[in-house]
Amino acid sequence: MYDISEKGEKQFKRVEYLLWGLYPMIILMFCKKYQEELPAMDFPPLPGPAGKELLETVSFKAFEAWKSHQTTLINERRMDLSNPESRAFLIEEMHKFFNNQEVAQAEGFVEPEKALDDAVKSFTPPPPPII
């Protein structure tokens with residue numbers, strides 16, 4: 001392992017190994033969402049400086065979690081992405097998400113595990129048949 005320094009600002013630990021010959025190396029970086037070292041993204045998710053900042057501070061795992069949450073918001077709120085206000089809302093929510101702040105949820109959204117737990121707790125079995 002060795003460190004690569006970019007102007008002394010960011011430190012990436014580079015771990016090299018072969019994974020069935022497909023990916024020659026994985027770069028670990030400190031993720032601001034999960035507060036631990038995780039595999040970095042391969043390329044910037046957005047164009048320009050915003051994408052470069054996300055590439056340096058957000059892990060692949062965190063960005064995948066954001067994409068899932070973003071899809072839920074778009075679908076449940078029936079957002080029109082051709083509307084500039086909708087896009088600005090999503091960018092604002094993305095920054096809140098990665099900074100571990102309170103983010104908007106879909107209306108009436110219940111975590112799947114919680115919904116299943118509530119369903120199991122409220123289940124009452126039918127009475128046995130009378131023979």
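Phenylalanine 98 is buried, at a relative accessible area of 1%; buried means under 20%, exposed over 50% and partly exposed in between, with a 1.4 Å probe and protein chains only. Phenylalanine 97 is buried as well, at 10%.

Before I continue, a word on the source. This is a predicted model, in which local features need pLDDT of at least 70, side-chain atom pairs count only at pLDDT 80 or more, and totals for chains, interfaces and linings use all residues. Residues are numbered from 1 along each chain as its sequence is written, and side-chain values use heavy atoms, with hydrogens and water left out.

Let me turn to the rings. The structure holds four aromatic pairs; rings of Phe, Tyr and Trp (its six-membered ring) pair if their centres lie within 6.5 Å, and planes under 30 degrees apart count as stacked, over 60 as edge-to-face and the rest as tilted. Tryptophan 66 and phenylalanine 97 form a tilted pair, 5.5 Å centre to centre with 50° between the planes. Phenylalanine 97 and phenylalanine 98 are edge-to-face, because their ring centres are 5.6 Å apart and their planes stand at 70°. Phe63, Trp66, Phe97 and Phe98 form one aromatic cluster.

Which residue lies over the face of phenylalanine 97? That residue is lysine 33, at 4.1 Å from the ring centre; the criterion is NZ of Lys or CZ of Arg within 6 Å of the ring centre and within 35 degrees of the ring normal. Lysine 61 lies over the face of tyrosine 34, at 4.6 Å from the ring centre.
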